[in-house]
Amino acid sequence: MSIPALFEMNERVAIVTGAVGLLGVKHCEALASVGAHVVCLDVQATEAAMLAADLTARFSTRCLGIACDITQPAQVKTACAQVMREFGRVDALINNARSGYSKKELVGLEEFDVQIVRRDFIVQVEGAFNCAQQFGAQMAKQGRGSIVNICSTYGVVAPNFQIYADEPVKFASPISYSIAKSALIGLTNYLASYWGSSGVRANLLTPGGIRAESRQSQTFLDKYNARVPLGRMAQPTEMQGAIVFLCSDASSYMTGANLIVDGGWTAW
Ligand SMILES: NC(=O)c1ccc[n+]([C@@H]2O[C@H](COP(=O)([O-])OP(=O)(O)OC[C@H]3O[C@@H](n4cnc5c(N)ncnc54)[C@H](O)[C@@H]3O)[C@@H](O)[C@H]2O)c1
C-alpha cells in the first residue's frame, strides 16, 4: 500500500461524539476530507444535522447527523442500529463528547460538589463505554476498527494552578475533569486488550490546551504560553492529523497507546 493510501478512509464509516463542539467539528472535517462517511453524534440535534449536511456538500461523502445523548445506553443502541441501516458497517469511533461547567460550579476542591464528579464520569466515561459497547462490538464482528478516546493533558498530569491564579475563575479545570480523563486511560487499555484479537484497536489522543478566543484571557494566554515548549496553545485544526492517523490504516500496529499532542506541555 502506498503511504498516502494508508491515510485514506474511502467508504469507511466514522462516528464522532460531541461532533458539533470546538474540536468535534474539526475531527469530522478531517475524516470526511479523507473520504469517510462521518456520523455526527451530539445532543444538539439541529447543529448535528446541519454539520452533516455541510460535510456532505463539501467533501462528497455521505454524512449523517444523529441526535443522541451518549449517557443513555438505549439511545446509543438506537443510533448504532440507525448507522447499520444506513451504512451497514462501522470503522471508527471517536469518543470526544464532554459536558461543560457553570462558573459557580468551578470552586476549590474543599467545596467541590461530588455531583459534578459523577456528571463528568457519566458523560465522559460512561458515555465512552456506552459507545464502545455498541459501535466497538460491531467493529469486532467485522474484524477491524479503531476506537479513539479523547483524553487531555489534565488526565495525564495535574493542572498547574499558577496559570489560573489571576483569572476570575481560579479552578477552571476541575478535579472531576482530571478524574474522568484519567479513567479513559484505563478504559482504553482494557478495550485494546479485550478486542485486540478481533482486530479492533483502541488508543487515546491527548490534546493540550486549544486556542479559542472566547475562552481565554490574555493574562491566561501569557502564562500558558510561557509554560509550553512550543510557546503557544494548539489551533483546533492541529488535532486533525492525529485523528486521521489513529482512525486509518496508518496506525495499524498501534493499540493501547496514548498519542500526546500538547506542544510539549508534559515534556518537562
Ligand atoms: N478544548 C480544549 O482545550 C481541550 C483540551 C484537551 C482536551 N479536550 C477534549 O477534547 C474534547 C472536545 O473538547 P471541546 O473543547 O471541543 O468541547 P466542547 O464543549 O466544545 O464540545 C463538547 C460537545 O459534546 C456534546 N455533548 C455534551 N454532552 C453530551 C452527551 N451526553 N451526549 C452527546 N453529546 C454531548 C456537546 O453538545 C458539545 O457539542 C473533549 O473530550 C475535551 O475534554 C479539549
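## A pair of strands to start with

Which residue in S7 is the bridge partner of Leu204? It's Asn258. Keep in mind that this is a predicted model. That pairing belongs to a set of four bridges that join strand S6 (residues 200–207) to S7, with the two running parallel.

## The sheet

Zoom out and you'll find seven strands in an open sheet, ordered S3-S2-S1-S4-S5-S6-S7, with parallel pairing. At the edges sit strand S3 (64–67) and strand S7 (258–261), each pairing on one side only. From one strand to the next, the twist averages 20°.

## Helices on the sheet

Helix H7 (residues 175–195) packs on the sheet and touches strand S5 (145–150), S6 and S7. The direction of H7 makes about 160° with that of S6.

Helix H9 (residues 240–247) also packs on the sheet, touching strand S1 (13–17), strand S4 (92–95), S5, S6 and S7. Its direction makes about 145° with that of S5.

## The nonpolar cores

As a rule, nonpolar side chains in soluble globular proteins tend to be buried together. Here, the largest nonpolar core has 67 residues. Ala14, Ile15, Leu31, Val38, Cys40, Leu41 and Ile243 have the most contacts inside it. Helix H5 (residues 114–142) gives the most to this core, with eight residues.

Take Ile243 as a way in: setting aside neighbours within four places in sequence, Ile243 is in contact with His27, Ala30, Leu31, Ile94, Val148 and Leu205. Another core, of five residues, lies apart from the largest one, and its members include Tyr224, Val228, Met233 and Trp265.

Notes
Residues numbered from 1 in each chain as written. Predicted model: local features only at pLDDT ≥ 70, side-chain atom pairs only at ≥ 80, totals over all residues. Pairing = 2+ DSSP bridges. Axes fitted to C-alpha atoms, helices over the stretch in contact; angles between N-to-C directions. Contact = placed C-beta atoms within 7 Å. Core = buried A, V, L, I, M, F, W, Y, C linked by C-beta atoms within 7 Å. Buried ≥ 20, exposed ≤ 12 C-beta atoms within 10 Å, placed from the backbone.
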